[in-house]
Amino acid sequence: MSVSLLSHTRSLGIFSGLLQVAFLLGLVLLLLKAVQLYLRRQWLLKAVQEFPSPPSHWLFGHYKEFQENNELQVILKWMEKYPSVCYRWLWGTKPQLLIYNPDYMKVILGRSDPKDVSIYHLLSSWIGYGLLLLNGQPWFQHRRMLTPAFHYDILKPYVGLTADSVRVMLDKWAELSRHSAPVEVFGHISLMTLETIMKCAFNHPSSLQTDRSSQSYTQAIEDLKNLFNSRKWNFFHHNDFIYRLSSMGRSFFKACELAHEHTDRVIQQRKLRLHDEGELEKIRKKRHLDFLDILLFARSEDGSSLSDKDLRAEVDTFMFAGNDTTASGISWILYALATHPEHQQQCREELQSLLGDGASITWDHMDKMPYTTMCIKEALRLYPPVPGVARQLSSPVTFPDGRSLPKGISVALSIYGLHHNPNVWPNPEVFDPSRFEPGAVRHSHAFLPFSGGSRNCIGKQFAMNEMKVAVALTLLRFELAPDPSRVPIPSPKIVLNSKNGIHLYLKKLP
């Protein structure tokens with residue numbers, strides 16, 4: 001009995017010793033990590049010492065300022081004190097230079113720095129590594145393969161298809177306007193732009209604006225934007241394993257599944273239709289190629305085609321970028337015109353003179369509505385659909401004022417800040433379409449609704465045409481007025497949304 005007790009005591013002693021060793025080892029590792037983070041922070045402080053920064057917490061950075069989802073308001077406030085640039089701490093070891101000066105923009109957009117992986121990788125489970133997230137040579141190859149999809153010969157017939165989708169939406173608005181109550185327009189516009197994408201880019205034959213599966217897709221996209229915005233400011237949620245264990249993470253990946261089901265269905269339906277119609281080369285000769293055709297036909301220099309993974313990534317990317325950003329742009333343009341009836345009426349008179357009732361709007365009309373185009377651009381200045389982009393420096397950079405940053409630092413290009421910078425745009429909060437009169441002088445990088453440089457929006461012409469068609473046909477059928485009880489609150493959820501929707505009164509014209 002005493003031998004057994006002695007053996008047990010020895011086992012406890014060994015176990016206790018192992019626990020002490022494990023504790024000491026863990027403590028040492030923790031101290032080493034703390035030293036590493038301290039040294040990293042000291043290096044970062046030195047790296048950004050030439051640039052100003054608002055006071056921040058040593059660990060949580062500027063999280064407190066942005067946790068209320070008031071990022072745009074904070075940027076405008078900081079811009080008053082720091083007119084060109086400042087840096088913000090996303091957390092204690094992640095400074096990010098915030099740029100809203102056109103000279104600085106020009107330098108960064110003229111380089112080939114990759115997207116900031118620490119932020120953009122949070123989108124990879126959703127849209128995969130397509131044109132938006134790729135960097136380096138893979139991005140260049142995909143960009144070159146996809147550029148033919150946006151040739152004007154491809155875009156010309158899309159004007160009529162867009163007009164058909166807009167008319168379906170306007171018919172719904174005509175019914176709703178009978179109730180004399182304001183209409184939340186973003187949801188309707190999002191369905192319309194989704195239908196347009198499906199018709200133009202994927203040759204989908206039917207209307208989606210009354211299809212419940214389409215509405216579930218747009219709701220999934222809305223959920224993904226909200227969840228991404230919350231995740232961006234939570235350091236612990238940047239880890240995929242930890243995020244998957246959280247309720248928000250489970251919701252995010254569930255919404256990803258819904259979005260992927262939609263795009264997978266689009267791809268499979270097209271493959272089946274191409275198979276039924278005959279060999280691909282015969283179809284190529286019969287009709288124009290849309291976006292998905294070009295993806296299926298695309299070949300790199302070595303003759304290889306896109307893998308199924310790459311194919312879905314590009315479709316997911318285009319479904320998001322071509323749908324949500326354009327829906328945001330159209331919604332804010334209509335709101336801007338609703339709040340400025342004199343400009344709205346001037347656009348309407350121009351459009352009536354050009355189009356009559358709009359029954360036969362075509363590609364040739366797109367460049368013949370100068371005042372309407374000026375108003376569209378001014379609305380995009382005030383409400384840029386993509387309020388900012390981020391890069392990670394692949395090499396040191398020196399800006400025109402002599403200040404420098406080393407390799408590895410993150411830079412955020414605040415397009416919203418640039419467009420509202422009083423040093424770039426006098427009286428920036430005033431809606432003034434004359435800023436875009438022919439011959440008006442401005443900095444080459446003062447207006448960037450579609451970003452700039454080699455990574456500018458590949459679909460900007462498609463988006464502008466869609467916005468022009470939607471605005472023209474809407475103004476020919478309705479007089480727009482804002483709901484004063486629900487003023488939209490801009491919110492940057494990847495694209496520029498409104499926290500409380502965009503509500504407009506729609507008065508049908510006689």
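What is the volume of the second largest cavity? In this predicted model, the second largest cavity has a volume of about 50 Å³, and the count of cavities of 30 Å³ or more comes to four. Its lining consists of Leu155, Tyr158, Val159, Thr162, Gln461, Phe462, Asn465 and Glu466. Helix 9 (158-177) and helix 20 (460-477) are the elements that each give two or more residues to this lining, with helix 20 supplying the largest share, four residues. By class, four of the lining residues are nonpolar, three polar and one charged.

The largest pocket holds about 480 Å³ of space and is lined by 17 residues, among which Leu59, Phe60, Trp91, Gly92 and Phe235 lie nearest its centre. Two or more residues come from each of helix 1 (2-47) and strand 1 (85-91); helix 1 gives the most, with five residues. The lining of the largest pocket comprises twelve nonpolar, three polar and two charged residues.

The second largest pocket contains about 260 Å³ of space. Of its 19 lining residues, Glu184, Phe186, Gly187, Ser190 and Glu222 are the closest to its centre. Helix 11 contributes the largest share of this lining, six residues. The lining of the second largest pocket has five nonpolar, ten polar and four charged residues.

Helix 3 (residues 71-81) has as its buried residues Glu71, Leu72, Val74, Ile75, Trp78 and Met79. Viewed down the helix axis, these buried residues fall within an arc of 155° and therefore line one face of helix 3. On the other side of helix 3, Lys77, Glu80 and Lys81 are exposed.

Definitions and conventions. Residues numbered from 1 in each chain as written. Predicted model: local features only at pLDDT ≥ 70, side-chain atom pairs only at ≥ 80, totals over all residues. Heavy atoms only, no water. Buried < 20%, exposed > 50% of the residue type's maximum accessible area, 1.4 Å probe, protein only. Arc of directions from axis to C-beta. 1 Å grid on protein atoms, 1.4 Å probe; cavity = no way out; pocket = protein on both sides within 12 Å on 5 of 7 lines; lining within 4 Å. Points joined across faces, edges and corners; volume = space filled by probe spheres on them. Nonpolar A, V, L, I, M, F, W, Y, C, P; charged D, E, K, R; others polar.
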